[in-house]
Amino acid sequence: MTLFRKNLPESTIELPATKLGGIDYELEAHIAESCMATVLMEPLLRYNAISASIMIGFVLSYADSRRPTVAVLYRCYQAQIALHNQVHSKDEPLPLLSKYIFRASIDRMDPAFVLAARYGSAAANKYYLRRLHGDYRRRAATARAAEISPKAI
């Protein structure tokens with residue numbers, strides 16, 4: 001064991017808690033969040049960019065382990081826009097995007113990303129394995145029915 005440790009560079013001997021097996025999970029989470037923000041921002045390009053970017057920050061906050069509701073996040077978004085308009089009163093006020101657009105942005109997020117962030121990766125894996133197993137059983141039953149049908153006729 002000591003021979004093995006001598007051959008390793010010093011930086012790999014003690015890995016931080018977020019780095020296991022050479023994978024930086026904190027970096028992976030930031031990349032996933034950045035990709036999700038890019039996907040969410042594309043349909044909002046026709047609206048005010050500053051208001052949309054503030055909204056996207058609150059939409060991404062929906063994927064949090066504290067499980068905030070849509071109503072709470074939308075009220076926080078409204079308060080942030082009001083604060084911005086109050087601070088920058090000389091400029092043109094930022095428009096407030098509707099709750100419908102806010103909810104549609106939340107619905108556009110990847111369900112696996114949201115489920116893993118809100119309930120943990122174990123719950124997400126369990127949910128998707130259950131769905132995968134159910135799909136397999138349905139396909140198998142359909143295949144059996146297709147096999148039985150020609151024989152019955």
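Tutor: A crossing is right-handed if the near helix is turned clockwise from the far one by less than a right angle, and left-handed if anticlockwise. By that rule H5 and H6 cross right-handed. The model is predicted, with local features needing pLDDT of at least 70 and side-chain atom pairs pLDDT 80 or more, while totals for chains, interfaces and linings use all residues. Residues are numbered from 1 along each chain as its sequence is written, and side-chain values use heavy atoms, without hydrogens and water.

Helices are DSSP runs (H or I, at least four residues), numbered from the N terminus. The axes of H5 and H6 lie 11 Å apart, at an angle of about 125 degrees (lines fitted to C-alpha atoms over the stretch in contact, angles from 0 to 180 degrees between N-to-C directions). H5 is therefore oblique to H6 (under 35 degrees is roughly parallel, over 145 roughly antiparallel, 65 to 115 roughly perpendicular, the rest oblique). H5 contributes Val70, Ala71, Leu73, Tyr74 and Tyr77 to the contact, and H6 contributes Lys99, Phe102, Arg103 and Ile106 (contact: heavy atoms within 4.5 Å). Seven of these residues are nonpolar, none is polar and two are charged.

Tyr77 and Phe102, with Met55 and Met109, touch the most other members of the largest nonpolar core, which has 26 residues (buried nonpolar residues joined through side-chain atoms within 4.5 Å; buried means under 20% relative accessible area, with a 1.4 Å probe). Helices H3, H4, H5, H6 and H7 each give two or more residues to this core, and H4 supplies the largest share, seven.

Methods: Buried means under 20% relative accessible area, exposed over 50%, partly exposed in between (1.4 Å probe, protein chains only). Ala, Val, Leu, Ile, Met, Phe, Trp, Tyr, Cys and Pro count as nonpolar, Asp, Glu, Lys and Arg as charged, and the others, Gly among them, as polar.
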